[in-house]
2 protein chains.
Amino acid sequence: MGNKMQNRRTERGTFFPPFWRLDNHYVLVDFRREVECLSDDDVEVLTEGKYNCKVDGKMASGAPGMLHLARGKHVLELKVYNQDSPPALSMRSRSFAADSGWMVTFEDKEWIDASGKASDKSGTVWLPAEVSRFGVPPSQWRLSVEPRPAMSVVRGAGSLLVDFGKESFGYVRLHGVKGRGRVSLFYGESKEEALSVDSCEVLDKIDVLGDTVLEGSRAFRYVNIRCEGGVRVDSASMLFEYLPVAQRGSFRCSDQEINKIWDVSAYTLHLNTREFFIDGIKRDRWIWSGDAYQSYLMNYYLYFDSASVTRTLWALRGKDPVTSHINTIMDYSFYWFLGIYDYYQYTGDASYIRLSYPRMVSLMNFIRGRRNKNGWLEGLPGDWLFIDWADGLSKKGEVSFEQLLYVRSLETMALCAGLAGDGDASQKYGEEAGEMKKKLFTDFWDEKRKAFRHSSLGGVTRYSNMFGIFFGYFDAQQQDAVKRGVLLNDSVQKITTPYMRFYELEALCATGDQGRVLKEMKDYWGGMLSLGATSFWEQYDPGVKGVQRYAMYGRPFGKSLCHAWGASPIYLLGKYYLGVRPLEPGYQRYEVRPVLGGMQWMEGDVPTPHGNVRVYCSRKEIRVGSVSGNGVLRFNSRSKPVCKEGVIREVGKNGYEVDLEGGKEYTVKYVATE
Amino acid sequence: MGNKMQNRRTERGTFFPPFWRLDNHYVLVDFRREVECLSDDDVEVLTEGKYNCKVDGKMASGAPGMLHLARGKHVLELKVYNQDSPPALSMRSRSFAADSGWMVTFEDKEWIDASGKASDKSGTVWLPAEVSRFGVPPSQWRLSVEPRPAMSVVRGAGSLLVDFGKESFGYVRLHGVKGRGRVSLFYGESKEEALSVDSCEVLDKIDVLGDTVLEGSRAFRYVNIRCEGGVRVDSASMLFEYLPVAQRGSFRCSDQEINKIWDVSAYTLHLNTREFFIDGIKRDRWIWSGDAYQSYLMNYYLYFDSASVTRTLWALRGKDPVTSHINTIMDYSFYWFLGIYDYYQYTGDASYIRLSYPRMVSLMNFIRGRRNKNGWLEGLPGDWLFIDWADGLSKKGEVSFEQLLYVRSLETMALCAGLAGDGDASQKYGEEAGEMKKKLFTDFWDEKRKAFRHSSLGGVTRYSNMFGIFFGYFDAQQQDAVKRGVLLNDSVQKITTPYMRFYELEALCATGDQGRVLKEMKDYWGGMLSLGATSFWEQYDPGVKGVQRYAMYGRPFGKSLCHAWGASPIYLLGKYYLGVRPLEPGYQRYEVRPVLGGMQWMEGDVPTPHGNVRVYCSRKEIRVGSVSGNGVLRFNSRSKPVCKEGVIREVGKNGYEVDLEGGKEYTVKYVATE
């Protein structure tokens, strides 16, 4: 599915595939399971692929569509071969659920000797089968579609300029087609792009006879439809294409602009949450690890759709051996590690860590094989150091940002090795992470500027400094100095992508500066809205004016106006304002620390594995409700707060805590200190 | 192609796939080439897969079927994506040959930055593209077919027993089909098997309406066709399916039985030389490394079809990482190394060694990771030690046969590392091979029995002892003792497969005992012929009588009666009787050492990269002719020999040599010493 999706990109009608390795599925898979039938059972067998089937070690004849199982325990073994799409199996039984307990391997090593005796299979590595939630054979699964009308049409001579009112993704339908001939469709995320037949990024040219649905799904708000020859098109609509995923998170507050920012963020993430988490809907539509990492985090505050996270992580990693960084980008390899650990923190699903751990080890071995004599990572041939889109950003020498991510990845390895039961490795990674963290300060800390240098070549940029804050690598003095000397220092190169603004604002939130961040959100995301954005952009520099705003990569409309990384307010508002986050994996324990940051009131839902946590907060009242799990509410109050449903503890000056039990609603009367 | 072929096996109509990992193709491949056009040229572009195309770094619009190239030098770059079959490219040009000079990679790591600037691509690993010799798009290539009639038919009530006269492979055609209903086909390599509807190994049941060609290609001599319901079948023929490969080798001699053995061997190898070298045509039809290794060697004396060797070696190895021995069998991993080195010896194609070397290293690393504390290889979970089909053969402990193959593989690694330009590794492997070869004698040589022990647990078998001879691991005294005490000692368990008889007879030939081997060939292969064999068998034990001969794997007709490893007389007669073999890679220098071994005369062709070497030898005259290359003729004579075309040198008692120049024919008058 990933291969098909990532090879759908076109650039002005020309096929444009990825430049990294695409792995393919295992064509031959053995499925194995023990079942217990409480009565005689006729079990229906459906596969995608040619197959055979053993029951209790005895081969069934042919490829039986139905298996009769007598009451009692049985061992089922099926071998499925499918060259075209991943081998898949479905069984319908009265006795056992179809979707769990199956183990798979790509080589069962089960041979027989000359006498017919089978080997003992003890060399076989069995893994839990992936369970499809799609309800159809996996190869037949498609995103959902629904019809959407055009909002307005401007008709010209042999042309239509159709406006769908907002950023959309789907298949254009041409209605009232008369005659035959060529129709060209020039798509635009902006009206200017659609009208620029020479420079728009995405176009289709097709020969039509009668009403037509375009074959390729495209991103657009505007479509400029031009007819040649005798053909005429009356009108157009679209089939909007989307992943049906429930929006469990919500946010509302006293500030209408922030509400609009949250809504447009949610819509932006929705458009980019598809077969996988993609970067942006217009251009690449590829799976980029750094982009996806932010989508995972936003997802935990909007959908909590774990399957989207795990299938994206898995598709990014591919098979062994590792021959390049993920997406060829050094930082993107590191984000992959971080994404796995976050997934565990939010979901508590340790089984996925165990499944991923061998591929974490091989990727880490690849990375460690590329260290320089100082133990740091510099760009070697074939390595892309991305960091951010920023003019003149140096990638030479030992770049401190990459080293910070490397240290964080080592810490992640230590944690995951422990979860995977590899205690020795856990200790080894942990010790190394500790040493290298110290060395970060030896090698990159500039005592005079009180900040991390950009690289061994000097200079100061925001990147490693802001990550240092929310990684918790600084002491209080260092953090304060970094905040003042870098984050709040306009002479340090500014960030112009929502991608890095995500982390910049997260760092400020981590220092408790939600008030400032709220203003920044209103300025930056509000700035895009004031320019008519209906989704958030790949890059936004308030200093750039007019149609130049749409240019990037040396092309006038190269920029994507609907980029997943533009949706970070979802995460910031959920985690740092509603203030909900797990304290123990899978929200076994969680914190609610509401911070208004200048709003009069706010309310919203944060999804967890045990249902939503619902938070309301005004300057005088906090209400929190949840379905299950144990939480703690933390807040500041000028006066002694009151809560009938729980016990309030005082923690330091003006600080208070209330333990939260699942299934109860708590109301706290207090007076906000902000 | 390998996946498709290896997943065609059925057992009594039930799908029966391999039990090792099957890798899949890279779905996205970049092709790159520099060309020079001597004049303006319109170049036709054909691909299997979706593609784009850059000329001199500039992307062409869409997927152009024709490229206009101006006079001069150009760089062509195409990216081809194909999920279903390997991406392939064909270009037709007046200026440059379509089939050479293309380089490929599965990740070009070519990204662009925000300004549109491309990366330098210096991290890309380019490999030479595989050139198809098939003349059709690779995915469309099929084996050839030609109609063959039945030789005789026995008609019963609603049944036909059809005899095709000899072992065959292909698609049965049903003629004169009237009515509709079910037709069952029971295939037999023997008449008994075809008649055994309950136990024949291969069968088809189809519903027919009108004349029909069966979908699956099968191996058979006999087909028992049974009709049910209202259907009647009048007669049957077949479409014989084969790889069109020229038979360049030949052999004729004064002994008609040997001639027949050679012919049936050639037919046996022909039937088993298909998409790849397979084990046998009836049952597995899989690529087994140990079986294929013998086919490579026979091929050098029959077809010299290098492409069949290289595509078989490549398919066997698959992709990294190594997760099991080749075919899960320890010995089969070792044969893979040996096959690569032999390929170089016979063809001189060092480029294939360089291509294979990284995968040789990773397989060797896998193997070395499984050594025990003594540095030897014992069977670990998932390892199959095959050695041979032989009753009660122990695979426990350190089996000396496996260690011999391991040492030989280390020697091979030393040679191939040198060819691949990895001098350090070559030295390291060489030193280790030397040490372990000494340790073979310390650990396994039984000074009392003057033979290698079967294993660390004791006993003596033929396997390591016969390999020790033709590996040249023994000194003259040891060799003589091994020959008498093991090879010629009937109390040592006898070999019952042509597979190991190959090596047993090669060992005897290597000691100069062609006379004995000729008798053994007549006994053993002649024994099969006298039982009516039209192709040679998987196993033949003269002591087993009647229909029991066809039993194996605990099944009455489990045995394959057309097994590639049965064809070894081709190799033995070419290498040890006609006596032709390369002395330097690719027959740059070669030896002709004719040995009659009891025949009155023999003549034949041995293919080389430079054309055939033609040898005639009687007891009084030797004639040798070749197209090119430099050879040396070696022979013994009772009297002083005479040769007008060359200079005869005397070498020891009764020994003579004549240097052979390419393009000349030499006639030597002599008197045979045998």
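Visitor: Which residue takes a positive phi in the hairpin of S23(B) and S24(B), and how many residues lie between the strands?

Guide: The model is a predicted one. In that hairpin six residues lie between the strands, and Gly586(B) takes a positive phi near 70°.

Visitor: What makes S23 and S24 of chain B a pair?

Guide: A pair requires at least two bridges. Strand S23 (residues 580-582) and strand S24 (residues 589-592) of chain B are joined by three bridges, so they count as paired, and they run antiparallel.

Visitor: In which sense does S24(B) run with S28, parallel or antiparallel?

Guide: S24(B) and strand S28 (residues 630-636) of chain B run parallel and are joined by four bridges. Within this pairing, Leu633(B) of S28(B) stands opposite Val592(B).

Visitor: What makes S20 and S29 of chain B edge strands?

Guide: The open sheet in question has six strands in the order S20-S25-S26-S27-S32-S29 (chain B), paired antiparallel. Strand S20 (250-253) and strand S29 (642-643) of chain B each pair on one side only, and they are the edge strands. S20(B) has four bridges to strand S25 (residues 601-608) of chain B, in the antiparallel sense; among the residues involved, Phe251(B) has Gly604(B) of S25(B) as its bridge partner.

Visitor: Why is H13(A) called roughly antiparallel to H14(A)?

Guide: Helix H13 (residues 514-530) and helix H14 (residues 569-577) of chain A pack at an angle of about 165°, with their axes 12 Å apart. Angles over 145 degrees count as roughly antiparallel, so H13(A) and H14(A) fall in that class. Their crossing is left-handed.

Visitor: Which residues make the contact, and how do they divide by class?

Guide: H13(A) contributes Gln514(A), Val517(A), Leu518(A), Met521(A) and Trp525(A), while H14(A) contributes Pro569(A), Leu572(A), Leu573(A), Tyr576(A) and Tyr577(A). Nine of the residues in the contact of H13(A) with H14(A) are nonpolar, one is polar and none is charged.

Visitor: At what angle do H6(B) and H8(B) cross, and is the crossing left-handed or right-handed?

Guide: Helix H6 (residues 330-347) and helix H8 (residues 400-419) of chain B cross at roughly 35°, and their axes come within 9 Å. The crossing is left-handed. Residues that meet there include Phe334(B) and Tyr341(B) of H6(B), and Leu405(B) and Arg408(B) of H8(B). By class, the contact of H6(B) with H8(B) has 15 nonpolar, two polar and three charged residues.

Visitor: Where is a cis peptide bond found in chain A?

Guide: It joins Asp320(A) and Pro321(A), with omega about -5°. Pro321(A) lies in the loop between helix H5 (306-317) and helix H6 (330-347) of chain A. In chain B, the bond from Asp320(B) to Pro321(B) is cis, with omega near -5°. Thr328(A) is found in the loop between H5 and H6 of chain A, and its phi is near 70°, a positive value in a residue other than glycine. Most residues other than glycine have a negative phi, and most peptide bonds are trans.

Visitor: How do you know that the two copies are related as by a two-fold rotation axis?

Guide: Chain B superposes on chain A by a rotation of 180° with 0.0 Å of shift along the axis, at an RMSD of 0.0 Å. The two copies are therefore related as by a two-fold rotation axis. Moreover, 100% of the interface residues of chain B are also interface residues in chain A, so the copies meet through the same surface.

How values were computed. Residues numbered from 1 in each chain as written. Chains lettered and ligands numbered in written order. Predicted model: local features only at pLDDT ≥ 70, side-chain atom pairs only at ≥ 80, totals over all residues. Heavy atoms only, no water. Axes fitted to C-alpha atoms, helices over the stretch in contact; angles between N-to-C directions. Helix = DSSP H or I, 4+ residues; strand = E, 2+ residues; numbered from the N terminus. Parallel < 35°, antiparallel > 145°, perpendicular 65-115°, else oblique. Left-handed = near helix turned anticlockwise from the far one by under 90°. Contact = heavy atoms within 4.5 Å. Nonpolar A, V, L, I, M, F, W, Y, C, P; charged D, E, K, R; others polar. Least-squares fit on C-alpha atoms with pLDDT ≥ 70 in both.
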